[in-house]
Structures are given as C-alpha cells and as structure tokens.
Amino acid sequence: MALALSSAPTFCHRVLALRSGHARRGIGQVAIDSRSSRKRSAPIVAAVQIGGVTLTREEVVRQDDPTNNVPDSVFSKIGLQLHRRPDHPLGILKNEIYSFFDEKFPAGLFRKFDDLSPVVSVKSNFDDVLVPPDHISRSYNDTYYVDGNTVLRCHTSAHQAQMLRDGLTHFLVTGDVYRRDAIDATHYPVFHQMEGFRVFSESEWKDTGLDGTDLAVKDLKETLEGLAKRLFGNVEMRWIDTYFPFTNPSFELEIFFKEKWLEVLGCGVTEQEILKSNGQSGKVAWAFGLGLERLAMVLFDIPDIRLFWTSDPRFTAQFKAGQLGTKFKPFSKYPPCYKDISFWITDAFTENNLCELVRDVAGDIAEEVSLIDQFTNKKGISSHCYRITYRSMERSLTDEEVNAIQDKVREEVAKQLQVTLR
Ligand code: PHE
C-alpha cells in the first residue's frame, strides 16, 4: 500500500539511484565490492557510513537470516544522504525549513538532527510510537527488516521516543526513510522525511485560558501554516482530520496548488502515553512529519522522483544552495519502452515483491509498473498482466538492452515469486 502509516494513500510522498550496472560511488559509501550477490544485479556496496558509524553489507543485507528482506539496491542508498547536500533540491528545502524555524522561534531553539542511522529497532520504529501490533505497516511486505528486531526506519517518527528520553523538547529530525512500495513517478523505496516536535510545559498554557491540547493545536496549525506560506507563497490551505497511531487529534494540511488540493504533511497532538513513557509526564506536545520529495517535486517542478538520485550534471547543475525558487528545466524526454508480463498468481504474490524485483533487475530505468489486466479462470486461479514502462532519464535505451532486461525480469519473476508465466 502506498502510505503505510496514515489512512490517506498519498502522504508519503515519497516518495528514489544509482542505475544498476553503473557502480558509482556515492558520498558516504566506503567501497564497492564486485562479488556477485544472492540479490540480483544491483551494484554491491560493501559498507556505508552515517554519522561517523560504518555499517557493513554483512550487517544489513543478511544472507543468513530468513527475516531479512533488504536487497543490495536498497542497502546501496544508505549513507547517500541527499538531504545533507546543500545544493541538492532536498538539501535546499531542508535548509529553508530550518531557516523558517530559526526565524519564527529563537534561533537554535529547535535542535536539528540529519545524520541519525536509518537502521533502528522495531521497538523504536513501531512500539514506542504506539503503532498497533497488527498494523499493516509492520508487515514484511511494507517494511525492510534487517532481522526480526531491526528495520530500516519507515518514518522519522522512529526517533521521537529516544529524543524525549534524551530530554529534548524542540527538535527537527531529517532523514532517509525506507518503504516497500509501488513503482511510479512519485514512489521510490527510499525517500526523505522531516519530523518536527515541540513539547509544552504547564506554565506555557496556564495563563492563556486554553488547555494544553488547545494550545498545542493552535500553535501547531499556526506554525505549519506559516511554513506552508514560506514555501508556497500565499496559497489557499485546508485542514483535514485524519488518523495516526501517535497523535490525537491528527490532521493533514492541504494546499491548493496548480488547480489541485495537495497534501503536504501529517501532524497532531502527541499521545500522552508517548510523553509519559519517555520522561515527559505532565507535558503536552505537537509533532509533524513531512515528505521532502513530495514538496520538492512541486516547488522545483521535478516530474519524476528518480531524478533526485541522478548524478547527471544536467540535473544537479540546475540547483544552487539557498535557491528555493528554481524551476527545473527538463533536459530531455527520451522515449519510453513498454513491456507486458502476464502470469498466474498464488496467494503469496504481492505487487510490492514484483516491484522490488523489477527495481533490482532494471535499476532506475524502471519508470512504472502497473496492473493492466486481471481475471480469474474457472478453476479459481487468477492471472495478472503488468505493464512495465522502461525509460531512462539520461539517455535513449536500445531495443536489445530493454529486451535483455525484460528477459531477466521474466526469469527472476518465475524463479522468485512462485508464479507461472503465461
Ligand atoms: N510518521 C507519519 C508518516 O510517516 C507522519 C507524522 C509524523 C504524522 C508526526 C503525525 C505526526 O506518515
């Protein structure tokens, strides 16, 4: 499913690599290891660095552990930290939001973190923020598990509880987050979020005539409306009630942009239980989470989420640190190439597994995977037909190349997904 944690299917904004076969070395990546892998054709990165810590491939892509579902293509993204590059759209956006907080509030009041490891415990990703035991976002189909107790964070809320235990009351946490999902122009298994958190003490609402929750809601809405104005100018906005496991009440903010209502963030008043369990009894707090790609695609006119990961200078050279207004000028439109694949499925089949396999075999030339036909025969067996769109952002693809990739996709689908090709 598209959005693991909120009921709205669009929030994630999610929201993308080094093309497989192009073993480029990124920031934070220590070395490329050329051994072949269990997990297909992605370039193999031996180790990555985050916040001064080295994570080795053996620790994250665990061939020995059946609960592990992290492919090399995903491991290779850890440590790239696009949001820490000041002249990358995600870095420009992050810094603009930082400036907003440092101007609206006393500078430095909100502590900023953007270098926390995405490898976190199941406890901090889910339990500590009250995600119910049977919540869909915990499934192996939706989340990358390193082992039974460890995941790649699927949201920056994974750091809330620890921050509170460390005594922090005002903070912004930015980072790469990981979700198994569909393949299209706005979905990529790795994207970036920013979490904001503010704790109020009783002395702050005592003289206002409001109770703690009302004060938090008022301050939250005022802050986020101010942020949306800073980013989007004088746009129409509306608040939608929603559900998150960690906040109550919970809201989404939508803005009217280019003739459409666009969801820009999720937020709410933090559940008391989270504050109590983490040393902040008697306090009230608000939290928000926003998807950076979602916002950046709109603000910079970036049409495809894969572009964030390209090192093609025709993309990267268009952006400058501190320049939020730049509109991306597409440098090319290479032709797409469509390939259909049909097979009989079993109950074990999921679209997320198919998409991950396609991403692993094809790398970033996989632009979209969509179900175009399905039926069930008299024996009750279902057939699915998917159309895979191949298109490079950087060059024209040759027929031979796409055919070879599609053959490999077919072979791996038959081998790994327990389906029967038609
Ligand atoms: N963690 C939520 C998500 O990823 C966003 C959120 C953060 C919502 C904080 C409310 C409060 O969907």
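Entry 1: I began with Phe232 and Phe257, and both are buried (buried means under 20% relative accessible area, exposed over 50%, partly exposed in between, with a 1.4 Å probe and protein chains only). Before going on I noted that this is a predicted model, where local features need pLDDT of at least 70 and side-chain atom pairs count only at pLDDT 80 or more, while totals for chains, interfaces and linings use all residues. Residues are numbered from 1 along each chain as its sequence is written, and side-chain values use heavy atoms, with hydrogens and water left out.

**Entry 2: a tilted pair.** Next I looked up Phe349 and Tyr386, an aromatic pair that is tilted, with 6.0 Å centre to centre and 45 degrees between the planes. My rule: rings of Phe, Tyr and Trp (its six-membered ring) pair if their centres lie within 6.5 Å, and planes under 30 degrees apart count as stacked, over 60 as edge-to-face and the rest as tilted. Phe349 sits in the loop between strand S14 (337–344) and helix H11 (351–362), and Tyr386 in strand S16 (residues 382–390), so I noted a link between distant parts of the chain, 37 residues apart. I jotted down that helices (H or I, at least four residues) and strands (E, at least two) are DSSP runs, numbered from the N terminus. How many aromatic pairs does the rule give? The count comes to 23. For Phe232 and Phe257, the ring centres are 5.4 Å apart and the planes are at 70 degrees, so this pair is edge-to-face. Phe232 lies in helix H7 and Phe257 in strand S11 (residues 247–257), so the pair ties together parts that are 25 residues apart in sequence. I also found one aromatic cluster formed by Phe100, Phe101, Phe105, Phe110, Trp286 and Phe288.

**Entry 3: two helices.** I then turned to helix H3 (residues 89–104) and helix H7 (residues 212–232), which pack at an angle of about 130 degrees with their axes 10 Å apart. Axes here are lines fitted to C-alpha atoms, for helices over the stretch in contact, and angles run from 0 to 180 degrees between N-to-C directions. H3 and H7 are therefore oblique to each other (under 35 degrees is roughly parallel, over 145 roughly antiparallel, 65 to 115 roughly perpendicular, and the rest oblique).

Entry 4: Is Glu96 buried or exposed? Glu96, placed in helix H3, is buried, with a relative accessible area of 15%. Glu96 touches Arg230, Leu231 and Leu324, leaving out residues up to four places away in sequence (contact means heavy atoms within 4.5 Å).
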